[in-house]
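User: Could you walk me through the aromatic residues and the core of this one? I'd like to start with accessibility.

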Amino acid sequence: MSLYHVYDTVAEELEGVREIFADALAADEPAIADFLEQVGKFRGKMLRPVLVLLCGKLCGGVVHEHRVAGAVVEMIHMATLVHDDVLDEAETRRRGATVNALWGNETAVMLGDLLLARAFLLFSSLARADWARLLAAATSAVCEGELLQLYYRGYHALSEERYLEIIGKKTGRLMAISCELGGEIAGAKQETCAALGEYGQALGTAFQIMDDVTDLAGDERQAGKTLGTDLEKEKITLPLIYYLKSCSVQERQWAQDVLSGQRKDDIRELRDKVRTGGSVKQARQRAGDFIEQARTSIGDHGPVELREGLIELAEMVIHSGGFGFKG
């Protein structure tokens, strides 16, 4: 099954998500409408809504509430992108200008907050406190992951375990809740919802590892966004963790001096060393471990074709480097 076929299985339902999403971003005030229109351009393949829909279909069928949930998780994801671009001082996203590049950091921060507020306003229309609590807890975890990533920026001794914990919150949790809500809204058993959540958590973790690999070894034109910011911002990602563990004492000290800005002119050389050594390959293999976890989590839940679709989505993370974009 191809990636396009996976999307085709929920194409009609996804169009409903897009309509709800567009309505949620509408604004009467022209200035606000301009800001939200720019954010709307960041919408990519809508992976998280697709996960909601696929898991809903796997558990019995897609209803209106699934479409609303799909729009909501996409809005939350978009808010994190807007905030990430501020933190990374990124200038491009989806081959277009970022909000911070166009209007400054203050506008971008407030616009990200507006997206979050509108997402929860939309979700409140479903009048299900249990679903709202699940989504709020997941969003809280995403924010915790972002804060932890900032806290450990420049901490060169960051362990692989701590890194995985951070990205598990930052990226894994929103994909996990997308899958869980798909099952919850369809009325699936808790065992099935938990399995879908485990799938999403593993998928999201692999996705973030591959996104970090792309920042070091990817092509900006193909990715459609600013790359190479992780090293410049002293963001310690898995390829760098592996590199620092494998190099000599002298080389490690040189790398730390580069990261801390003492040898700023050598940043390109450091990037080349990480790219051409075994660290990138090792990180890809670790992402592959999580893809295998995702495959195992699916088990025998739901119809074979839909299970295969979820597995295909997971495998595309490795084969296409996280689809070549930040989902």
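User: Is Tyr-151 buried or exposed?

Analyst: Tyr-151 counts as exposed, because its relative accessibility is 63%; exposed means over 50% relative accessible area, buried under 20% and partly exposed in between, with a 1.4 Å probe and protein chains only. This is a predicted model, in which local features need pLDDT of at least 70 and side-chain atom pairs count only at pLDDT 80 or more, while totals for chains, interfaces and linings use all residues. Residues are numbered from 1 along each chain as its sequence is written, and side-chain values use heavy atoms, with hydrogens and water left out.

User: And what about Tyr-152?

Analyst: Tyr-152 is buried, at a relative accessible area of 16%.

User: How many aromatic pairs does a search of the whole structure find?

Analyst: The search finds three, where rings of Phe, Tyr and Trp (its six-membered ring) pair if their centres lie within 6.5 Å, and planes under 30 degrees apart count as stacked, over 60 as edge-to-face and the rest as tilted. One of them joins Phe-35 and Trp-103, which is edge-to-face because the planes are at 75°, with the ring centres 4.8 Å apart.

User: Where in the chain do Phe-35 and Trp-103 lie?

Analyst: The pair links distant parts of the chain, 68 residues apart, with Phe-35 in helix α3 (residues 30-40) and Trp-103 in helix α6 (residues 99-103); helices here are DSSP runs (H or I, at least four residues), numbered from the N terminus. Trp-103 is partly exposed, with a relative accessible area of 36%.

User: How are the rings of Tyr-151 and Tyr-152 arranged?

Analyst: Their centres are 5.1 Å apart and their planes are at 85°, so this pair is edge-to-face. Tyr-151 and Tyr-152 also form one aromatic cluster with Tyr-155.

User: Switching to the core, which residues touch the most other members?

Analyst: In the largest nonpolar core, which has 100 residues, those touching the most other members include Leu-51, Tyr-199 and Leu-310; such a core is a set of buried Ala, Val, Leu, Ile, Met, Phe, Trp, Tyr and Cys residues joined through side-chain atoms within 4.5 Å.

User: What is Leu-51 in contact with, leaving aside neighbours within four places in sequence?

Analyst: With those neighbours left aside, Leu-51 is in contact (heavy atoms within 4.5 Å) with Met-175, Ser-178, Cys-179, Tyr-199, Leu-203, Leu-310 and Leu-313.

User: How many residues of α10 are buried?

Analyst: Helix α10 is mostly covered, with 22 of its 28 residues buried.

Methods:
Helix = DSSP H or I, 4+ residues; strand = E, 2+ residues; numbered from the N terminus.
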